[in-house]
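Visitor: Hi! Could you walk me through this one?
Guide: Happy to, let's bring it up.

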Amino acid sequence: MARRRGPSKYQRAVQEPPRDVTRLAYGGARKQVRRGTEWLVREIPAHRAEKAYRCPDCAVDIPAGQAHIVAWSAEHLFGDEAALQQRRHYHAHCWRLP
Ligand SMILES: [Zn+2]
């Protein structure tokens with residue numbers, strides 16, 4: 001009986017995701033519950049903050065060069081990669097607010 005069922009789950013997983021996504025996903029994100037949702041969170045140190053972002057909580061820009069956090073949903077309907085594409089950058093102090 002033939003057992004060819006197309007690429008395995010493992011092979012699909014390693015089909016070259018964008019480098020940025022890989023680095024974020026496997027570079028030490030931690031899981032955290034905030035406002036009833038599970039998030040994956042990474043801290044961006046000042047020297048890695050290369051762009052300005054708008055914090056979605058307070059609608060104030062996070063200037064380049066300021067340490068902050070990036071978060072994406074751990075429960076995204078379309079999986080971690082889709083969630084990563086929609087990641088948001090928050091002020092560290094805004095993120096810590098309940
Ligand atoms: Zn903020």
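Guide: One term before we start: two strands pair if DSSP finds at least two bridges between them. Helices (H or I, at least four residues) and strands (E, at least two) are DSSP runs, numbered from the N terminus. This is a predicted model, where local features need pLDDT of at least 70, side-chain atom pairs count only at pLDDT 80 or more, and totals for chains, interfaces and linings use all residues. Residues are numbered from 1 along each chain as its sequence is written.

Visitor: Thanks! What does the secondary structure of the protein come to?
Guide: There are 4 helices and 6 strands. Read from the N terminus, the order is α-α-β-β-β-β-β-α-β-α.

Visitor: And which strands form the open sheet?
Guide: That sheet has 4 strands, in the order β1-β2-β5-β6, with antiparallel pairing. β1 (30-34) and β6 (88-90) are at the edges with a single partner strand each, so one side of each has no neighbour in the sheet. From one strand to the next, the twist averages 40°; the angles there run from 0 to 180 degrees between N-to-C directions, with axes as lines fitted to C-alpha atoms, for helices over the stretch in contact.

Visitor: How many bridges join β2 to β5?
Guide: 6 bridges, and the two strands run antiparallel. Arg-42, for instance, has Val-70 in β5 as its bridge partner.

Visitor: What about β5 and β6, how many there?
Guide: 3 bridges join β5 (residues 68-73) to β6, again antiparallel. Val-70 is partnered with His-89 of β6, while Ile-69 stands opposite Tyr-90.

Visitor: Is β5 largely enclosed or open, and why?
Guide: Largely enclosed by the rest of the structure, because 5 of its 6 residues are buried. Buried means that 20 or more other C-beta atoms lie within 10 Å of a residue's own; exposed means 12 or fewer, partly exposed is in between, and C-beta atoms are placed from the backbone.

Visitor: Which residues make up the largest nonpolar core?
Guide: It has 11 residues in all, including Ala-29, Trp-39, Leu-40, Trp-72, Leu-84 and Trp-95. Such a core is a set of buried Ala, Val, Leu, Ile, Met, Phe, Trp, Tyr and Cys residues joined through C-beta atoms within 7 Å. β2 (37-44), β5 and α3 (79-85) are the elements giving two or more residues to this core, and β5 gives the most, with 4.

Visitor: Back to Tyr-90: what does it touch?
Guide: Leaving out residues up to four places away in sequence, Tyr-90 touches Cys-55, Pro-56, Asp-57, His-68, Ile-69, Ala-71 and Trp-95. Two residues are in contact if their C-beta atoms, placed from the backbone, lie within 7 Å.

Visitor: And over the whole protein, what share of the residues count as buried?
Guide: 13% of the 98 residues. Among contacts with a separation of 6 or more, 48% come from residues 24 or more positions apart.
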